[in-house]
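I set out to record what I looked up in this model. The entries follow the order in which I took up each topic.

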Amino acid sequence: MAQDRAINLSSPTPPHGDESDHEMLPPLNQGNENLNPPDIGFLALLREDLSTHDHNPFDPGFWAIALHRYGNWRIEIRPKLLRAPFSLTYRILSWLVELVGGIHLPYTVRLGRRVRIWHHGGIVLHARSIGDDVHIRHNTTFGIASRSNVRAIPTIEDRVDIGCGACVLGNVTIGHDSLIGANAVVVAGIPPYSTAVGIPARVIKQSLPGHPQL
């Protein structure tokens, strides 16, 4: 188990893949499949997201996530011509959420359940997947580390807590139940149950399952 292995707290963990591995990465999602969680219906999912955002329908974080769910739900509409007005609505609302709320969350990101976006502004979330019960704060960026490797984007596992101003860049995985400190720049993989801070981010603490990080 990853949490049982000793780690060197003085330096970042090795990157999740190196430059030679980037060509071997799977292609990014092309937006032709519904990535909403399969174990819950669309309306029930929206109700859960609203509850996650303190039942506040005016929370920009809820707007962004609800629109993400809608963007995936519309993929099920067939034929494509019938889907066109729903797709146009999605594009217009995406522009408004980004303009008003400052949150860019493409529907091509696989998004888990009960994800909470705290506050708003300066949030760009390009990732392969974001797991269940993840908390994200303002000025957070998930994305590429180099324009030459556009498929090298992060994976965020379950129950990760991201501090404000954090950047997670490249083909890295943030292990489940980890904490990423404010303004950290993550360019290497972080093991589960870890606390990582700094530029570049390094692991300063790793906890056993069931024990608090701080």
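Entry 1, the whole chain. What percentage of the 214 residues of the protein chain count as buried? I found that 45% do. I note at the outset that I am reading a predicted model. I looked up the secondary structure and found three helices and 15 strands in the protein chain. For the surface, I recorded that the chain exposes about 11,000 Å², and that carbon and sulfur atoms supply 60% of this area. I then turned to contacts between residues at least 6 apart in sequence: 42% of them join residues at least 24 apart.

Entry 2, the sheet. I traced an open sheet of five strands, and I read its order as β1-β4-β7-β10-β13, with parallel pairing. Which strands lie at the edges? They are β1, residues 103–104, and β13, residues 185–186, and each of these pairs on one side only.

How many aromatic pairs does the count give? I recorded four. I examined Phe42 and Trp73, which form a stacked pair, 5.3 Å centre to centre with 15° between the planes. Phe42 belongs to helix α1 (residues 42–52) and Trp73 to helix α2 (residues 60–73), so this pair ties together parts that are 31 residues apart in sequence. I checked the accessibility of both residues. Phe42 counts as partly exposed because its relative accessibility is 22%, and Trp73, with a relative accessible area of 30%, is also partly exposed.

I then took up the pair of Trp73 and Phe86, which is edge-to-face, with 5.9 Å centre to centre and 75° between the planes. The pair links distant parts of the chain, since Trp73 lies in helix α2 and Phe86 in helix α3 (residues 80–101), 13 residues apart. Phe86 counts as partly exposed, at 30% relative accessibility. I noted finally that ring pairs link Phe42, Tyr70, Trp73 and Phe86 into a cluster.

Over the faces of which residues does Arg74 lie? I found Arg74 over the face of Tyr90, at 4.9 Å from the ring centre. I also found Arg74 over the face of Tyr107, at 4.6 Å from the ring centre.

Where does Gly122 lie? I placed Gly122 in the loop between β3 (116–117) and β4 (123–125). Which residues does Gly122 contact, leaving aside its neighbours within four places in sequence? I listed Gly102, Asn139 and Thr140. For Asn139 I also looked up the C-alpha separation from Gly122: the two atoms are 4.3 Å apart, although the residues are 17 residues apart along the chain.

Conventions
Residues numbered from 1 in each chain as written. Predicted model: local features only at pLDDT ≥ 70, side-chain atom pairs only at ≥ 80, totals over all residues. Heavy atoms only, no water. Pairing = 2+ DSSP bridges. Helix = DSSP H or I, 4+ residues; strand = E, 2+ residues; numbered from the N terminus. Phe/Tyr/Trp six-rings, centres within 6.5 Å; stacked < 30°, edge-to-face > 60°. Buried < 20%, exposed > 50% of the residue type's maximum accessible area, 1.4 Å probe, protein only. Lys NZ or Arg CZ within 6 Å of the ring centre and 35° of its normal. Contact = heavy atoms within 4.5 Å. Areas by Shrake-Rupley, 256 points an atom, 1.4 Å probe, with all protein chains shown as cover.
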